[in-house]
Amino acid sequence: MDIISEILETDRLAEEKLEQAMQKRSEMLAECEKQAEEIRESARKEAEDYRRKMLENDGAPAADSALKESEQAQLKALAEAYENDHEKWENDIVAAITG
């Protein structure tokens, strides 16, 4: 009976660790999403400020177009980085917690 009790206790502890890892993963994913949104918002604000500044000067339409293209490229790169790597990040987090 003693061995069975130890096995059950080990299983229970492993289950708790897995649950904690999954909770930590969820928290980290939420934080990642929050930070990504903050970066997007910051980029939008900076782009808008720069656009306004350029509109006050001559030659602003060309600069405005270039700025919008740059903003879109940066947002696309951020979205691609998240799409390409978020599963690996999640797995690394779970492995670090449970390992």
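**View 1. Salt bridges across the whole structure.** A search of the whole structure finds 10 salt bridges; a salt bridge is a side-chain nitrogen of Lys or Arg within 4 Å of a carboxyl oxygen of Asp or Glu. This is a predicted model, in which local features need pLDDT of at least 70 and side-chain atom pairs count only at pLDDT 80 or more, while totals for chains, interfaces and linings use all residues. Residues are numbered from 1 along each chain as its sequence is written, and side-chain values use heavy atoms, leaving out hydrogens and water.

**View 2. Helix H1 from end to end.** Helix H1 covers residues 2-56; helices (H or I, at least four residues) and strands (E, at least two) are DSSP runs, numbered from the N terminus. The end C-alpha atoms of H1 are 81 Å apart, which agrees with the 81 Å that its 55 residues should span at 1.5 Å a residue. That expected span is 1.5 Å times one less than the number of residues. Which residues of H1 are buried? They are Ala21, Ala36, Ala43, Ala47 and Met54, where buried means under 20% relative accessible area, exposed over 50%, and partly exposed in between (1.4 Å probe, protein chains only).

**View 3. A network of salt bridges around arginine 44.** Take a look at Glu37, Arg40, Glu41 and Arg44, which are linked in a network of salt bridges. Between arginine 44 and glutamate 37, the closest N and O atoms are 3.6 Å apart. For glutamate 41 and arginine 44, that distance is 3.3 Å. Glutamate 41 and arginine 44 sit three residues apart in H1, so about one helical turn separates them. An α-helix has 3.6 residues a turn, so residues three or four places apart point the same way. Arginine 44 counts as partly exposed at 35% relative accessibility, as does glutamate 37 at 36%, and glutamate 41 is partly exposed at 33%.

**View 4. Glutamate 48 and arginine 52.** Here is another salt bridge, with closest N and O atoms 3.7 Å apart. Glutamate 48 and arginine 52 are four residues apart in H1, which means a separation of about one helical turn. Glutamate 48 is partly exposed at 27%, and arginine 52 is partly exposed at 45%.

**View 5. Glutamate 71 in helix H2.** Glutamate 71 lies in H2 (residues 60-98). Does glutamate 71 count as buried or exposed? Glutamate 71 is buried, yet has no salt bridge. The nearest side chain of opposite charge (Lys and Arg count as positive, Asp and Glu as negative; His and the chain ends are not counted) belongs to arginine 44, 4.9 Å away. Leaving aside neighbours within four places in sequence, glutamate 71 is in contact (heavy atoms within 4.5 Å) with Ala43, Arg44 and Ala47.
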